[in-house]
Amino acid sequence: MTLETAAIHVETSPVHGQGVFAARHMAAGETVIEYVGERISMAEAIARHPHDPGDPNHTFYFQLDNGDVIDAVRQGNASKWINHSCRPNCVPDEVKGRIFIKTCRPVFRGEELTFDYGLVSDEPMTEALKARYACRCGAKKCRGTMLAKTLPGEQTSL
Ligand SMILES: [Zn+2]
């Protein structure tokens, strides 16, 4: 896919593991890449988790509005390396069951691309749970966790 190779590249990230970086300047609202992977049910996603027992809370899942999950470990592309940030420069946009990662502000060449994972957990929001999904994005207003701000019970998922 030419868009992928032209606009972004993957390299070691200061935030976590691998990251995705802008290879050129981008305007706000540009589609960067589609988040692709195998489409599975939530039950299957829970059965497969964790992908890496040594890093159990590292997820390559993206939950769709209908509750299904995209597992980017299988059939995924570079988008699976995009890290979370509490002050992201990209947003995921779901269009007819497909996820497109778009810029939400202008991005300079060399910037790491991020979006807010907004993870949702069935477990009660405790300090221990927050710590398991600790965020190290370094944003001034980092909320300290990759979990969404929603209250427990509002949504069901991972
Ligand atoms: Zn953060």
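Two strands count as paired here if DSSP finds at least two bridges between them. With that in hand, welcome to this predicted model. Its chain holds three helices and ten strands, and an open sheet of three of those strands runs in the order E3-E9-E8 with antiparallel pairing. A second open sheet, of four strands, has the order E1-E2-E10-E7 and mixed pairing.

**The chain as a whole**

- The chain has 158 residues, and 27% of them count as buried.
- Among contacts with a separation of 6 or more, 67% are between residues 24 or more positions apart.

- Mean pLDDT for the chain is 86, with 85% of the residues at 70 or more.
- Confidence is highest in E9, at 97, and lowest in helix H1 (residues 2-7), where the mean is 57.
- Residues 1-5 have a pLDDT below 50, and this stretch has four contacts in the model beyond near neighbours in sequence.
- Another stretch to treat with care is residues 151-156, where pLDDT stays under 50 and the model has five contacts beyond four places in sequence.
- Where pLDDT is low, predicted coordinates should not be read in detail.

**The three-stranded sheet**

- To find your way around, recall that the strand order is E3-E9-E8.
- Strand E3 (31-35) and strand E8 (90-95) are at the edges with a single partner strand each, so one side of each has no neighbour in the sheet.
- On average, and with direction ignored, neighbouring strands in this sheet are turned by 30 degrees against each other.
- Four bridges link E3 with strand E9 (residues 98-103) in the antiparallel sense. Here Tyr35 has Ile99 of E9 as its bridge partner, and Ile33 is partnered by Ile101 of E9.
- E8 and E9 are also antiparallel, joined over six bridges. Pro92 has Ile101 of E9 as its bridge partner, while Cys90 stands opposite Thr103 in E9.

**The four-stranded sheet**

- For this sheet, read the strands in the order E1-E2-E10-E7.
- The edges are taken by strand E1 (8-12) and E7; each has a single partner strand, so one side of each is left without a neighbour in the sheet.
- E1 runs antiparallel to strand E2 (residues 18-22), and five bridges join the two.
- A pair to look for here is His9 with its bridge partner Phe21 in E2.

**The nonpolar cores**

- In soluble globular proteins, nonpolar side chains tend to be buried together.
- The largest nonpolar core has 22 residues, and Ile8, Val32, Phe62, Ile70, Ile101 and Leu113 touch the most other members.
- Two or more residues of this core come from each of E2, E3, strand E5 (61-63), E6, E9 and strand E10 (112-115). E3 gives the most, with three residues.
- Leaving aside residues up to four places away in sequence, Ile101 touches Val32, Ile33, Tyr35, Ser79, Ile82, Cys90, Pro92 and Phe115.
- Another core lies apart from the largest one; it has five residues, including Tyr117, Cys135, Cys137 and Met146.

**Two loop residues with positive phi**

- Most residues other than glycine have a negative phi.
- Gln75 has a positive phi, near 65 degrees, and sits in the loop between strand E6 (69-71) and strand E7 (83-84).
- Is Gln75 buried or exposed? Gln75 has 11 other C-beta atoms within 10 Å, and a residue with 12 or fewer counts as exposed, so Gln75 is exposed.
- Lys96 also has a positive phi, near 50 degrees, and is found in the loop between E8 and E9. In the hairpin of these strands, two residues lie between E8 and E9.
- Lys96 is exposed because 4 other C-beta atoms lie within 10 Å.

Definitions and conventions:
Residues are numbered from 1 along each chain as its sequence is written. This is a predicted model: local features need pLDDT of at least 70, side-chain atom pairs count only at pLDDT 80 or more; totals for chains, interfaces and linings use all residues. Axes are lines fitted to C-alpha atoms, for helices over the stretch in contact, and angles run from 0 to 180 degrees between N-to-C directions. A residue is buried if 20 or more other C-beta atoms lie within 10 Å of its own, exposed if 12 or fewer, and partly exposed in between; C-beta atoms are placed from the backbone. Two residues are in contact if their C-beta atoms, placed from the backbone, lie within 7 Å. pLDDT is the predictor's confidence in each residue, from 0 to 100. A nonpolar core is a set of buried Ala, Val, Leu, Ile, Met, Phe, Trp, Tyr and Cys residues joined through C-beta atoms within 7 Å.
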